[in-house]
Amino acid sequence: MSTAGRTAADDDAELERLRAEVRDLRARARVYPLISQAQGMLQERYALPDGESAFALMQRASQRYNVKLRTLAGFLLTAPPPDSRERLWFPRRVRRPEPDLTFTSAHRSGSGSRGAVLKAVLNSTLAVVDTDMGNVQLTDPARGGLRLEEHTGHPPDFVDFFAHVGDDGTACARAARDLAQFTVRDVESDPVFSEPARRAILAAGSRACHSVPLTTASGLCVGMVSAHLDRPVQGLTTAQTKALDTVGGEAGRWLAWHDRTVVLDALEHLHALGRAGRGSRFRRS
């Protein structure tokens, strides 16, 4: 189509296509260095002939234990290396039973699906707050801060902007720092936000939000669930806050169990494959 024949709708469509392309490139740029670094580590550790073999090892463990490649790579880079004198990577770890979640039965599927539990955490939170817009973030062991894992009702630009947040400038960062629920009654005026974050939230149609830390039994924050509303609010009731405390505490304990059990099982499987096939070429499944 010639430039003269273009319409405003054509220009809008092209602009959105370019924006989507940029968002995709940014998403890849956030993940690629992490996975690439993990590939290099595995290639050296198991004398693998190339990075493709290292990726194949991660892929096999990821698929068998239903753990995202990004999550697996993050743990590979932050876990202590296996002892060369030991056959197992984690020979002395103690296995704990899976914690109960009273707000959902998603964890009882037997799949160890973190995604299913995160969806249940988000849905339960949105039901308590009475809204249909929100997200779940998890702590990022490799980069620090919080990374977005589950969301609903947010436009693509919001998801792109908040894909990873640091330790300041947002309500979720404040709630993580204080280990306490935090309500923003009016996004437009609350000083907790940096100005870029405020603009991104307002552009997404959010006028208020409430963040709930997901905490372990020892009081460690392992994630955050946030509900966004399209209008300013006065705050939550005592009953709502209590219900969300339950969600945050149970979800945090379950996530800690998942990291110590399912993710470590995946790493142990990867280690067994690497030891058995040391120096060999692996192919993606």
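Start at the second largest pocket, which holds about 300 Å³ of space. A pocket here is an open set of points on a 1 Å grid over the protein atoms alone, where a 1.4 Å probe fits, with protein on both sides within 12 Å along at least five of seven lines; lining residues have an atom within 4 Å of a point. The volume is the space filled by probe spheres set on the points, which are joined across faces, edges and corners.

Select Phe 75, Thr 139, Leu 220, Val 222 and Asp 259: of the 15 lining residues, these are the closest to the pocket's centre. Next, colour α3 (69–78), β1 (133–139), β6 and α8 (238–276), the elements that each give two or more residues to the lining. Helices (H or I, at least four residues) and strands (E, at least two) are DSSP runs, numbered from the N terminus. The top contributor is α8, with 4 residues. By class, the lining has 8 nonpolar, 3 polar and 4 charged residues; Ala, Val, Leu, Ile, Met, Phe, Trp, Tyr, Cys and Pro count as nonpolar, Asp, Glu, Lys and Arg as charged, and the others, Gly among them, as polar.

A quick word on what you're viewing: this is a predicted model, where local features need pLDDT of at least 70 and side-chain atom pairs count only at pLDDT 80 or more, while totals for chains, interfaces and linings use all residues. Residues are numbered from 1 along each chain as its sequence is written, and side-chain values use heavy atoms, with hydrogens and water left out.

Now show the sheet. Its 6 strands form an open, antiparallel arrangement in the order β3-β2-β1-β6-β5-β4; two strands pair if DSSP finds at least two bridges between them. At the edges, pairing on one side only, are β3 (164–165) and β4 (182–184).

From β4, step across to β5 (residues 208–215), its antiparallel partner over 3 bridges. Phe 182 stands opposite Ser 211, and Thr 183 faces His 210.

Last stop: β6 (residues 221–229), paired antiparallel with β5 over 8 bridges. Leu 229 is the bridge partner of Ala 208. The two strands form a hairpin with 5 residues between them, and Gly 219 in the turn has a positive phi of about 90°.
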